[in-house]
Amino acid sequence: MSFSDEYFRIAREEEKNGQPEAALLHYISSLLSGFCTGELSYQAANKIRQVQKSLLLSDEQLLLCVHSYADFTVSDCRELLRFSIAGNLAGIKNILSSRVSS
C-alpha cells in the first residue's frame with residue numbers, strides 16, 4: 001500500500017468518526033503524496049472539495065491548510081491542490097516537470 005493510499009484510508013476513517021478537519025488534512029496528504037509518485041488522485045481531490053464544503057471553508061481558507069510536502073514548496077503544494085480541484089492538468093504537469101528538472 002502506498003503512502004497516498006494509506007493517507008486516504010486514514011482520512012476515510014477520520015471522516016466516518018466525525019472528524020472532518022483531520023480527514024481534510026489526510027486527504028490533502030493523500031493528494032500530495034500521490035504527486036510524489038506521479039499519481040493524480042481525482043478521488044482525493046473530490047473528497048477534499050466535499051469536506052471543504054461541509055466545513056464551509058473558502059478556497060483561501062482551504063489553501064491555508066496546505067504546507068510543504070516532500071520536495072514541494074508550500075507554494076507548489078497550494079498550486080497543485082488548486083489545479084487539482086480545477087482540473088487544470090497543464091498546470092499540474094508544469095509544476096511536476098519543473099520539480100523533475102530542478
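The model is a predicted one, so to speak of a local feature takes a pLDDT of at least 70 and side-chain atom pairs count only at pLDDT 80 or more, while totals for chains, interfaces and linings use all residues. Numbering starts from 1 along each chain as its sequence is written, and side-chain values rest on heavy atoms, with hydrogens and water left out.

Overall, the protein has six helices and zero strands, where helices (H or I, at least four residues) and strands (E, at least two) are DSSP runs numbered from the N terminus. Read from the N terminus, the order is simply α-α-α-α-α-α. The radius of gyration is 13 Å, close to the 13 Å that the globule rule gives for 102 residues, so the protein is as compact as a globular protein of that length; the radius is taken over C-alpha atoms, and the rule is 2.2 Å times the number of residues to the power 0.38. The C-alpha trace spans about 40 × 30 × 20 Å along its principal axes.

Of the 102 residues, 32% count as buried (under 20% relative accessible area, with exposed over 50% and partly exposed in between; 1.4 Å probe, protein chains only).

Leaving aside residues up to four places away in sequence, Tyr-27 touches Phe-8, Ala-11, Arg-12, Glu-15, Ala-44, Lys-47, Ile-48 and Val-51. Leu-25 also sits in helix 2, but is partly exposed, at a relative accessible area of 43%.

Turning to charged pairs, the count comes to four salt bridges (a side-chain nitrogen of Lys or Arg within 4 Å of a carboxyl oxygen of Asp or Glu). One of them joins Lys-47 to Glu-15, with the closest N and O atoms 3.1 Å apart. This pair links distant parts of the chain, as Lys-47 is in helix 3 (residues 42-54) and Glu-15 in helix 1 (residues 3-16), 32 residues apart. Glu-15 is partly exposed at 29% relative accessibility.

Another salt bridge pairs Asp-59 with Arg-49, at 2.7 Å between the closest N and O atoms. Asp-59 belongs to helix 4 (residues 59-64) and Arg-49 to helix 3, so the pair ties together parts that are 10 residues apart in sequence. Both count as partly exposed, Asp-59 at 39% and Arg-49 at 25% relative accessibility.

Arg-82 and Glu-79 also meet in a salt bridge (2.6 Å, N to O). Here both residues lie in helix 5 (residues 74-86), three residues apart, or about one turn of the helix. Arg-82 is partly exposed at 40%, and Glu-79 is partly exposed at 25%.

Notes:
Contact = heavy atoms within 4.5 Å.
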